[in-house]
Amino acid sequence: MGDRHNPKIEAPANVEKDPEDWISGDDPMTSAQASYLKTLAEQADDPDAYADGLSKAEASKRIDALREKLGL
């Protein structure tokens, strides 16, 4: 029994899905995403990074890009 794989204990190496693969990726970005994206865009002095009407997936990609740009 000690040889059995337990997925609850041993998470796969790639536990994050690409935003393009999200089932709800086409849904409108959440208010939390909008707020965070707006804050990051201001910090990065990149006002074009924020736009109303983004999808969850697009907002996530822009957040990731800004976090990388800011070294967060």
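Analyst: Let's start with D45, which lies in the loop between α1 and α2; helices here are DSSP runs of H or I with at least four residues, numbered from the N terminus. This is a predicted model, where local features need pLDDT of at least 70, side-chain atom pairs count only at pLDDT 80 or more, and totals for chains, interfaces and linings use all residues. Residues are numbered from 1 along each chain as its sequence is written, and side-chain values use heavy atoms, leaving out hydrogens and water.

Most residues other than glycine have a negative phi. D45, however, has a positive phi, near 55°. D45 also counts as exposed, because its relative accessibility is 68% (exposed is over 50%, buried under 20% and partly exposed in between, with a 1.4 Å probe and protein chains only).

Now for the helices on either side. The axes of α1 (residues 31–43) and α2 (residues 56–70) come within 10 Å and cross at roughly 30°; axes are lines fitted to C-alpha atoms over the stretch in contact, with angles from 0 to 180 degrees between N-to-C directions. On the α1 side, the contact (heavy atoms within 4.5 Å) includes Y36, L37 and L40, while α2 brings residues including I63, L66 and L70.

One more detail: K38 lies over the face of Y50, at 4.8 Å from the ring centre. A charge sits over a ring if NZ of Lys or CZ of Arg is within 6 Å of the ring centre and within 35 degrees of the ring normal.

Note on methods
Helices (H or I, at least four residues) and strands (E, at least two) are DSSP runs, numbered from the N terminus.
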